[in-house]
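I opened the model and listed what to look up: a sheet, the nonpolar cores and the cavities. My notes follow.

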Amino acid sequence: MAGAAVVDVPAPAATNGGACCHAAKGPGYATPLEAMEKGPREKLIYVTCVYNGTGINKPDYLATVDLDPNSPTYSQVIHRLPVTHIGDELHHSGWNSCSSCHGDPSAKRRFLILPSLLSGRVYVVDTATDPRAPSLHKVVEAEDIAEKTGLGFPHTSHCLASGDIMISCLGDKEGNAAGNGFLLLDSEFNVKGRWEKPGHSPLFGYDFWYQPRHKTMISSTWGAPAAFRTGFDLQHVQDGLYGRHLHVYDWPGGELKQTLDLGDTGLLPLEVRFLHDPSKDTGYVGCALTSNMVRFFKTADGSWSHEVAIDVKPLKVRNWILPEMPGLITDFVLSLDDRYLYLVNWLHGDIRQYNIEDPAKPFLAGQVWVGGLLQKGSDVVYVTDDGQEKQYNVPQVKGHRLRGGPQMIQLSLDGKRIYVTNSLFSRWDEQFYGDDLVKKGSHMLQIDVDTENGGLAINPDFFVDFSKEPDGPALAHEMRYPGGDCTSDIWI
């Protein structure tokens, strides 16, 4: 993830597929531990906010939230940047340059790349001119992307050593899974083509992460956009419209080398991350429907294998659409020292902290309930082994009942604070949480982390209420710090 859109000379491509020399200082930090130990406390965070699917006929926007406890506007939205169209569904984002080019002094972390999941547009936002009030720099139109590459439904964005931007696309412009692949934009954000070699685009796409020292990129598989954009239907899983594979590519060559079938214990693999230490040849993927964390790793013969590392058991429930409810792991994050893994169960409503000092044997170190379908006051109850009906205690924060469930999380560089939003995807928000989320809007919380002994606790003084936005309640999704974070920076 190196290269920049504001340099006169592009960052040089390197033989290892992403390395820059580390003699000078470019964006970010030389190592994950340096970021953890020397990075400043976060003071701002950018949040993608969605009006699509809420009944409010307004463009989605990028919110800037004040995270400085000493500020008079602490835990408030201080700026909103609307995009240019209605119906985009802003989702995930990435930078034009990050810590992977710390050794290139000409590279600058200036632009935040905002793919629009449904419309297919890509917005480029200038965050450097005024970090508190970002501005729109460029719009890459969906028609241009589709005409030159055949791709649609852009999702994850990472930057490359050449200065290019690489974006995973989940299908073609009609939403067919067979049309997925990886879009390349050049350093000026012009459509350049596809990254993967012709014929190396298997069914389904979603997230991806690369590890240049192992000459490998691994991508995950959500499902066919034509299926998920209309809402979740279990029959679509049985019909083969959702994924259960990891795809292993040669990096940076773009050749598909191996496909890992995760089987019935790895349905809907979403977020995928290697350990931050670039020498490590292991990582995790969160499988939403089966609520497993699957560990992938390199074997002695150089191929890749996988195993279930964490298994969140479904709960027997009453008054719900199914007799059992999965946790639905939709996001996770690794601390920069690779000591802890944090995951969310969007339906059950809890955030979990696991110690992964032995990556093959995680153990639960902390847990906190911040919403979900099983909180007290809900119509839904879970049934214990002895037949008792139970619900979870979820505290109010600053007088507010917590809506929805924990969905996207971001960890502070020092590992001591987690920020959490509660919107997954507008159509699924409506399906699973109804008007309580879609019409009342999202909120954002902050969780205090005990990094010594393990443990999680809600910060009672932090609550961002997206129900009070000027244009009406909004759905808050992914979060990025201006200086980079645990889920967008890759070290090489």
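I started with an open sheet of four strands, ordered β12-β13-β14-β15 with antiparallel pairing. Strands are DSSP E runs of at least two residues, numbered from the N terminus; two of them pair if DSSP finds at least two bridges between them. β12 (208–211) and β15 (256–261) have a single partner strand each, so one side of each lacks a neighbour in the sheet. On average, neighbouring strands here are turned by 20 degrees against each other, direction ignored.

This is a predicted model: local features need pLDDT of at least 70, side-chain atom pairs count only at pLDDT 80 or more, and totals for chains, interfaces and linings use all residues. Numbering runs from 1 along each chain as its sequence is written, and side-chain values use heavy atoms, without hydrogens and water.

β13 (residues 216–219) and β14 (residues 245–250) share four bridges in the antiparallel sense. S219 has H247 of β14 as its bridge partner.

Next, the cores. I take a core as buried (under 20% relative accessible area, 1.4 Å probe, protein chains only) Ala, Val, Leu, Ile, Met, Phe, Trp, Tyr and Cys residues joined through side-chain atoms within 4.5 Å. The largest has 66 residues, and W222, Y242 and W428 are among those with the most contacts inside it. Another core of 24 residues lies apart from it, including M166 and Y249.

Last, I looked at strands around the largest cavity. β12 and β16 (269–274) are among those that each supply at least two residues of its lining.

Conventions
Axes are lines fitted to C-alpha atoms, for helices over the stretch in contact, and angles run from 0 to 180 degrees between N-to-C directions. Buried means under 20% relative accessible area, exposed over 50%, partly exposed in between (1.4 Å probe, protein chains only).
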